[in-house]
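Hello,

Here is the structure I promised to pass on. Please open it, then read my notes below.

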Amino acid sequence: MAASFNWKLLVCLSFAAVTGCGAEPRAESECASIEILVGFGAGGGTDIFARTLATGMREHLEKPVRVVNYVGGAGRVSFRELMKRPANGCAALAVTSDYVVLSAFQPQEIDLSKLRFIVRAHYEVGLLSARKSDAQDWASLTAEIKKAGKPLLVGGIGARSFDRAVVATALEKTDLRYRYIPYSSAKEMQADLLGGRFHVVYDEYGVMQPLYRAGQAQALVVLNETRIAPLPDAPAAPELGLAAPAPIWRGLAVSAQTPHPIADAMEKAAMAAMTAPSYRQYETDRRLNLIDGSADGATFAVDVAKERADVVQALRVR
C-alpha cells in the first residue's frame, strides 16, 4: 500500500502561529486539491509529464492533483500565475529548462529565487543532426564549411529558448562561426533540414528518432558527456572538443515562501510518484531514461544555479 502524508496536520503545524491548532485547521489554510500549472499546451511534452506525475502524487497526498494549462510566453504566463497564488502548497509549477534561459534574458520577470525546486524528474538527450546525404561526420562537415568561409547554419526551436542556449554553450569555445535559425515548430524545422535550408539541427533524441530510423537524418554529435546506447557510433560532445551543455529537463517547483513541511511533503510525494510502474513506462516510451536525470529538490536547486551561470556566460559571449 502506498505511503501517504497527513497534509491536514502539516498545514496546521505550518500555520499554527497564525491560525492556532485545534481539531480542524481553518478552511482557508487547507487545500481541497492541488493544481500543477503548466505553461505549455495540452498534449505537449511538459503537459504529459505533469499529468503522469499528478496521477502518482494523488495516491501519496490523498487529495486531487490536477493539471491546469496557462499557455503563453514560453512559460511566463504560468510563472506569473504561480506568483499570484498564496504560498500554501495548493499550486505547483511544472518547470523546464526554458525557465533557466528566460531568467537569463529577463531576470526581473522570471526570478528563480522565488521558486523552491521540488524534484527534477528526467533529462532528455539533445543532439546536433544533419541530413543523411550532407555529411559523414562532424569533422568533415565543419571542415567543408570553414573552407567555404561560411557560417554553420543551426536550426532550433525558439529565439530566446533553451535550444539557442544549448547551441551557444556547445560551440562557445570553438573557432567555428555559426548562425542560429529559430523555428516555431519541430515539423517546419525538420522539413527545412531535409530540404537543405541549413546544415544541422538541434533537437532531442525522441523527436529525431523517426528521421534516424527512416534514414533521412543522422546524429553527428550527442550533446552529453558520454555516448548513448541507441546511437553507439555517434560521438559525445567532449570527444569532438565541444562542450556538453546540461540536458533539457522537467521538474516541479513551488513558491519559495511555501512552508517547509508542506513543500517537503510535496517533494516526497513527487519522488514516490516517479517510482510508479506507470511513470516508469512513460519514461521508457518517450526515451527519457537514456541518462538518469532524477534529483531531489536540494540537488536540483544547485544544478539550476550552475546551469543559469553557464547560460548567461554562453549567451554573453555569443
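How many residues of strand E3 (residues 91-96) are buried? Six of its six are. Buried means under 20% relative accessible area, partly exposed is in between, and exposed is over 50% (1.4 Å probe, protein chains only). Strands (E, at least two residues) and helices (H or I, at least four) are DSSP runs, numbered from the N terminus.

A word on the source. This is a predicted model, with residues numbered from 1 along each chain as its sequence is written. Local features need pLDDT of at least 70, side-chain atom pairs count only at pLDDT 80 or more, totals for chains, interfaces and linings use all residues, and side-chain values use heavy atoms, without hydrogens and water.

Back to E3. In a regular strand the side chains alternate between the two faces of the sheet. Ala91, Leu93 and Val95 are buried on one side of E3, and Ala92, Ala94 and Thr96 on the other.

Next, its neighbours. Two strands pair if DSSP finds at least two bridges between them. Strand E1 (residues 34-38) runs parallel to E3, joined by three bridges. Ile36 has Ala92 as its bridge partner in E3. Strand E10 (residues 248-255) pairs with E3 in the antiparallel sense, over four bridges. There, Thr96 stands opposite Arg250.

Now the rings. In one of them, Phe79 and Tyr99 have centres 6.2 Å apart and planes at 35°, so the pair is tilted. Both Phe79 and Tyr99 are buried.

Best wishes

Technical notes
Rings of Phe, Tyr and Trp (its six-membered ring) pair if their centres lie within 6.5 Å; planes under 30 degrees apart count as stacked, over 60 as edge-to-face and the rest as tilted.
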